[in-house]
Amino acid sequence: MADYRAPLRDMRFVLEEVLDAPAQWARMPALAGVVDADTALAVLEEAGKLTAATIAPLNRSGDEEGCHWQDGAVRTPAGFVAAWRAWAEGGWVGVCGDPAYGGMGMPKVLGAQLEEMLNSANLAFALYPMLTAGACLELNAHAGEELKARYLPKLYSGEWAGVMCLTEPHAGTDLGLIRSRAEPQIDGSYRLTGNKIFITGGEQDLTANIIHLVLARLPDAPSGSRGISLFLVPKVLVNADGSLGARNPLSCGALEHKMGIKGASTCVMNYDGATAWLVGEPHKGLAAMFTMMNYERLAVGIQGLAAGERSWQNAVAYARERLQSRAPYGAQAPEQVADPIIVHPDVRRMLLTMKALTEGGRAFSSYVALQLDAAKFAEDPLERQRAEGLVALLTPVAKAFLTDLGLEVCVLGQQVFGGHGYIREWGQEQLVRDVRITQIYEGTNGIQALDLAGRKLVGSDGALYRLFSDEVHAFIDSAGEELQEFTAPLAAALDNLDRLSAWLLEQGQRDPREIGAASAEYLQVFGYTAYAYLWARMAAAALGREGDDDFYASKLATARFYFARLLPRIHSLSAVVRAGSAPLYLLGDSQF
């Protein structure tokens with residue numbers, strides 16, 4: 001496997017030249033004195049060094065060793081404790097956290113680049129700080145001042161870790177079915193009892209305490225999702241002076257035996273009358289949890305992107321060195337027994353597909369992260385409102401499309417290696433196994449598609465979709481003649497998506513089955529069109545500079561490949577959407 005190297009040049013290109021993020025930070029008072037282009041570069045460079053030198057080398061060994069469970073205790077793979085300490089001591093756990101409680105206050109768009117590095121280096125390890133950062137976000141948004149002051153500084157510092165606990169054996173997507181209960185106590189705390197499964201980081205040996213955010217029901221809770229409350233449940237109780245006290249009665253009953261991410265402890269958790277504190281309002285826990293989940297869904301999308309980036313780096317290095325056959329247009333390395341496989345058309349197809357989807361995904365995920373920053377930090381209420389709408393619309397696309405393509409890119413990378421891609425020591429088969437979970441957790445990609453088509457398109461009567469469509473139309477209208485080769489196919493793709501959205505909006509209001517039947521392919525059409533928008537913006541930033549710098553020439557060539565060979569996928573997908581729901585109901589249940 002090739003050594004991991006953070007793609008710093010491309011990250012800078014996206015931040016500075018495509019999205020002009022530093023100018024936007026300067027307009028936001030909460031960020032203006034915190035971060036600029038030079039600060040961002042310094043942060044990225046330091047994170048790149050740490051992820052490459054300390055965390056990436058543990059990827060394969062962590063997969064082979066996995067986590068160990070004995071009598072409720074969990075030990076992470078060798079090297080993980082030291083790696084966590086290095087990550088925490090650098091302040092990276094709280095890099096986007098609230099400065100009032102010890103966070104660094106960096107924007108999410110910069111945090112997204114850091115998440116990509118960490119996940120590319122070691123996806124299993126990255127889950128521990130990712131979930132901790134999400135727990136911090138949740139507490140900062142919804143907890144009372146006492147809870148925030150007691151828990152956030154230790155979480156931001158990495159002394160403690162955080163996890164979220166939603167799923168139960170009988171309640172996955174339908175969280176309205178959860179049975180965990182919380183009984184109020186005289187002192188204002190609660191006694192929580194129940195069982196949770198698939199709890200990543202629920203028990204580990206990295207930190208002295210683990211803060212569980214648990215969904216449960218109060219005794220007077222209404223049925224369904226409207227009766228769910230959110231509770232903070234520490235593994236170890238915290239004394240009034242901030243020191244650690246007695247062990248709370250919660251435990252890890254088992255570790256799940258998984259396909260991938262084996263260095264992440266995925267736990268069955270038992271809460272046996274554990275002391276808990278209410279976060280936010282009673283019966284409003286699911287709505288509060290979505291504060292964290294929207295960030296985590298983008299973070300999971302970035303996991304797909306990051307695994308694809310690692311697969312790409314491995315594959316292109318291998319393709320330059322592996323000698324097999326001669327190029328169809330004549331020997332390219334006559335001094336050697338054969339040519340490197342990078343000369344062969346099918347290998348180039350795979351590598352260019354990987355490159356185009358990965359670089360497009362980096363631009364798209366950063367664009368969505370920038371909307372999160374605008375929604376949080378923009379001074380203008382209308383700008384914040386518009387950004388919130390775009391975040392709501394694009395979050396399911398980011399989670400599902402980035403992870404679907406992440407798997408595709410990892411499989412392509414494995415294919416470039418041929419038989420060696422199926423062998424463990426080359427690293428490609430682990431990436432395929434690891435990335436597969438990203439399409440499943442934090443809401444399966446089918447659920448993301450339903451969210452996009454049902455809640456965001458039909459549920460808003462098209463209003464959220466128009467925010468995106470209007471922006472892309474404005475970009476096309478303002479583009480000069482020199483961008484025609486990119487804006488013309490973008491305009492055609494957007495026109496297709498406009499018409500497809502209008503068709504689905506009409507059909508979905510008439511028959512709800514049409515939403516579910518069309519949603520998966522509709523999300524894919526949306527994703528490819530969104531990538532086309534970002535590729536056109538990248539082409540605009542590179543055009544005219546390709547003669548001076550090979551980076552820009554490569555960017556333009558990849559943009560041309562995307563528009564010629566990948567964007568046309570929307571036509572078959574659109575035809576499937578328009579086929580409607582009828583073919584799905586031709587069989588009776590007993591005929592399957």
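## Terms and model

Helices (H or I, at least four residues) and strands (E, at least two) are taken as DSSP runs and numbered from the N terminus. The structure described here is a predicted model.

Isoleucine 261 sits in the loop between β10 (250–255) and β11 (266–279). Its phi is positive, about 35°, although the residue is not a glycine. With a relative accessible area of 4%, isoleucine 261 is buried.

Phenylalanine 198 is also not a glycine, and has a positive phi of about 60°. This residue belongs to strand β5 (residues 190–200). A further positive phi, near 50°, is found at aspartate 20, which follows α1.

## Helix α1 and its packing

The buried residues of α1 are Asp10, Met11, Phe13, Val14, Leu15 and Val18. They pack against α2 (21–26), α4 (37–55), α7 (108–121), α11 (345–377), α17 (513–542) and α18.

Aspartate 10 forms a salt bridge with lysine 555, with 2.4 Å between the closest N and O atoms. Because aspartate 10 lies in helix α1 (residues 8–18) and lysine 555 in helix α18 (residues 550–566), the pair ties together parts that are 545 residues apart in sequence. Both partners are under the 20% limit for buried residues: aspartate 10 has a relative accessible area of 7%, and lysine 555 has 1%.

## Salt bridges

The structure holds 31 salt bridges. One network of salt bridges links Asp10, Glu116, Glu309, Lys355, Glu359, Arg362 and Lys555.

Glutamate 17 is paired with arginine 9 in a salt bridge, where the closest N and O atoms are 3.5 Å apart. Glutamate 17 is partly exposed at 28% relative accessible area, and arginine 9 is partly exposed at 33%. Another salt bridge joins the side chains of glutamate 429 and arginine 424, at 3.9 Å from N to O. Here glutamate 429 is buried, with a relative accessible area of 13%, while arginine 424 is partly exposed, with 38%.

## Largest pocket

Rolling a probe the size of a water molecule over the atoms shows where empty space is left. The largest pocket contains about 1200 Å³ of space. It is lined by 47 residues, and those closest to its centre are Thr167, Ile440, Tyr441, Glu442 and Gly443. Two or more lining residues come from each of α8 (123–142), β5, α10 (285–321), α12 (381–416), α13 (428–436) and α14 (445–458).

Helix α10 supplies the largest share of this lining, 7 residues. By residue class, the lining of the largest pocket has 22 nonpolar, 15 polar and 10 charged residues.

## Second largest pocket

The second largest pocket holds about 920 Å³ of space. Its lining has 31 residues, of which Trp312, Gln313, Val316, Arg320 and Lys355 lie nearest the centre. The elements giving two or more residues to this lining are α1, α4, α10, α11 and α18.

Helix α11 gives the most to the lining of the second largest pocket, with 7 residues. The lining divides into 13 nonpolar, 4 polar and 14 charged residues. Lys355, one of the residues nearest the centre of this pocket, also takes part in the network of salt bridges that includes Asp10 and Lys555.

How values were computed: Residues numbered from 1 in each chain as written. Predicted model: local features only at pLDDT ≥ 70, side-chain atom pairs only at ≥ 80, totals over all residues. Heavy atoms only, no water. Salt bridge = Lys/Arg side-chain N within 4 Å of Asp/Glu carboxyl O. Buried < 20%, exposed > 50% of the residue type's maximum accessible area, 1.4 Å probe, protein only. Contact = heavy atoms within 4.5 Å. 1 Å grid on protein atoms, 1.4 Å probe; cavity = no way out; pocket = protein on both sides within 12 Å on 5 of 7 lines; lining within 4 Å. Points joined across faces, edges and corners; volume = space filled by probe spheres on them. Nonpolar A, V, L, I, M, F, W, Y, C, P; charged D, E, K, R; others polar.
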